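Let us go through some labels used for this model and ask what backs each one.

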Amino acid sequence: ATVTFCDLVKGPGPCTDNIVVSECGVYTFTYTVVNGPCTETIDFAINFYEIPSISIAGTTTPTFCKEYTYSVTDGRTCQFGAVTNTWTIDGGYFKPSGLTTATTISDGSAATELTVVWDDNVSGPYTLTVYGESIAGSCTDTYTLTVVPEIPVIAGQVKYWNEEETYMPTPFPTIEGASYPHDYFYVTLHNSLDDVAIDTLIVEPYLDEVQTGTDTWTTIDLMSFFGVDLGNTYTSTLSIFNVYGCEGYYLKIWDGGLVYHQNPPTYDAVLGANYTYNNWGGVNATDALAIQLMATNINIAGAPYNFNWIGPNTETPRFGYYSSSAANVNSSTQTNPITALDALTTNYRAVGLMDVFPYLTTNSGRYSPNFRVTGRMVSTLPEMTWNTPFDLDNVPDVVFNHNDGIYNNYLYYDLATNHQYVSEPLSLLSTSYINIYYLAAGDINSSYTPTSAGFNKSTPAMNLEYTDELIVSKGDVVTIPIRVDRNAELGAISLDLTYNASLIEVLGVNYDKENFKVDAEKGTLRIGWFSPVPSNFASGDAIAMIQVRVLADINTDTRFFELGANTDLADANALSLKDIKLQTSAINTLDAGLFITNYPNPFNGKTMISYNLPSASKVTLVVYNTMSQVVETLVSSYQEAGTHEVEFGSTDLKAGVYYYRIIVENEGNTVVETNSMIHMQ
């Protein structure tokens, strides 16, 4: 900068015409006047500024309706002195500003960063201008950023709320090469302006790459996908966005069943054709225990329960709206709707004693849907949000309400369209994408994995091993144990067993009738038990005793029981125990002569000694200790041919090794067998 002083100088002395400075800042100048013996000196300061050199940093290709941050880049070299920035927008509005329509406004402040929302309420050009000023009227600069906004999309995925966020069923063949679709989910886009359906979307994988706006979606990433570009033609001259702009969009979703595309489309399938009606699953005794804990207001979101995907019990509603709804299986409406009845009802459904959850209102005869639905806005697709709880105060969360108004019966022949789930209005300010989550009512531990489209296989969390053998005859009634291979403290037991109904007939189990169900036609046995007061089992103890009748010849290698996917053992904190193996006994109907064994072995408390008699005989069965002293004579009688069982053990039995000897006498022949067993304490 240059300052001229010569015209200020008076007198005969020399004058320096210009003074040059190379940096911004404050300079002190001294002006001295000498007049003979008299001298006068004056100091004064001058501020030297650099002319502002500003620019705007931010996207030039925003999407309508979304929030974007723009900032001023100050290109001055010396950065001396504050620059006041005045922002002007044409085609959008600043946030926070309280404005609901786009206009030209100014924010006369020194702000270097502002949030902008672009919308289409004014015609282009769409510009953002900053006027920077450090000295009024002297040091100024102006920069204008021209943007070309793009039409937004509303897109998402439909998934199950579990750790893997499993994709829900899509119209994808369950068998390679097949043409029969698995199921269709439908999503309808609405706008509250006139509350009509704008577009109905079929939830499906995109088998070819799809380009919409600035995002590319591919098949592998986006199963169970739906999406609509708001730039699509809505009337002969206007797009969806031209008509509705940024506000008021909401979604309706429902499971439409096995309905093929029609023109015009129809969605009037009954619930009995739907995946979510026929494949309600994943709910077991562990869930019932968790609901029981919730009913007593225990904060299972924290230690030692650690159900991190469930909100705390201080939420309103308690445990968060999604978890509360899933736990409240009977849809009761009292202030604290989660009760012990919900836990009991869940266990009834888990074992198959109830087909549909009841709806507890004064209008009797109503039934609740099998699934709950909610949504969460996400920044991109695909995106996982597990295990963040759902909270009414969480801005990205979108509540979906069951659209049945008068609580229509959730029954087989009810229309699927009567049971749509309706979202609250979507906020497009930060995102246009949404994950819509399904959760089976009662599935509090979110363990269910939908087996859809042939690529999700639901498998049991543990194995069933056949570790010993029972020798029986066809037609015999025997008791088959299901044992644990290690010590366990159990608060919930869920046994999901399938069996070959042509080989065995299940007659009963050692549980009350409300804790199990046998389906002889399908060959299934489900057992469900839970209690906040746990039961202790030692290694080898039976957690279930199943009485069966042998219907056909079976050899040792035949697996007549198999575990289903809902099998689960949990501790008193409702935490699933993954490191336990289940064991049972094989059956052999071959004529193997005299055979004797016991189970469990080792045992704690009591064991069952089982033996097979080839023919009617006089039997003596005696237990000895290691000193050859008789501990107990268990049998001394004449018995018919076949399999026999006798229990051994008492509370005062000492730990150690014991021997049991069977003596079989028949027509002058005597056969003796001796085996050992171990009693543990």
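Q: In this predicted model, how many bridges join S26 to strand S32, and what makes them a pair?
A: Three bridges join S26 to S32 (residues 568–570), and the two run antiparallel. Pairing needs at least two bridges, so the label holds. Within this pairing, Ala-492 stands opposite Ala-570 in S32.

Q: Which other strands pair with S26, and over how many bridges?
A: Strand S29 (residues 524–537) pairs with S26 in the antiparallel sense over ten bridges. Leu-495 has Ile-527 of S29 as its bridge partner. Strand S31 (residues 561–563) pairs with S26 over three bridges, again antiparallel. There, Leu-497 is partnered by Leu-563.

Q: What makes strand S26 mostly covered?
A: Ten of the twelve residues in S26 (residues 488–499) are buried. Buried means under 20% relative accessible area.

Q: Why is Ile-678 called partly exposed?
A: Its relative accessible area is 38%. That lies between the 20% and 50% cut-offs, so Ile-678 is partly exposed. Ile-678 sits in strand S40 (residues 669–679). Together with Val-657, Tyr-659 and Met-680, Ile-678 makes a nonpolar surface patch of about 300 Å².

Q: What is the order of the four strands in the open sheet, and which are the edge strands?
A: The order is S5-S6-S10-S8, with antiparallel pairing. Strands S5 (54–57) and S8 (92–95) are the edges, as each pairs on one side only. From one strand to the next, the twist averages 35 degrees.

Q: How do you know that S8 and S10 pair?
A: Four antiparallel bridges link S8 and S10 (residues 113–118). At least two are needed, so they count as paired. Lys-95 has Thr-115 in S10 as its bridge partner.

Technical notes
Residues numbered from 1 in each chain as written. Predicted model: local features only at pLDDT ≥ 70, side-chain atom pairs only at ≥ 80, totals over all residues. Heavy atoms only, no water. Patch = residues over 30% accessible without salt bridge, like charges linked within 9 Å, V, L, I, M, F, W, Y side chains within 5 Å. Areas by Shrake-Rupley, 256 points an atom, 1.4 Å probe, with all protein chains shown as cover. Salt bridge = Lys/Arg side-chain N within 4 Å of Asp/Glu carboxyl O. Buried < 20%, exposed > 50% of the residue type's maximum accessible area, 1.4 Å probe, protein only. Axes fitted to C-alpha atoms, helices over the stretch in contact; angles between N-to-C directions.
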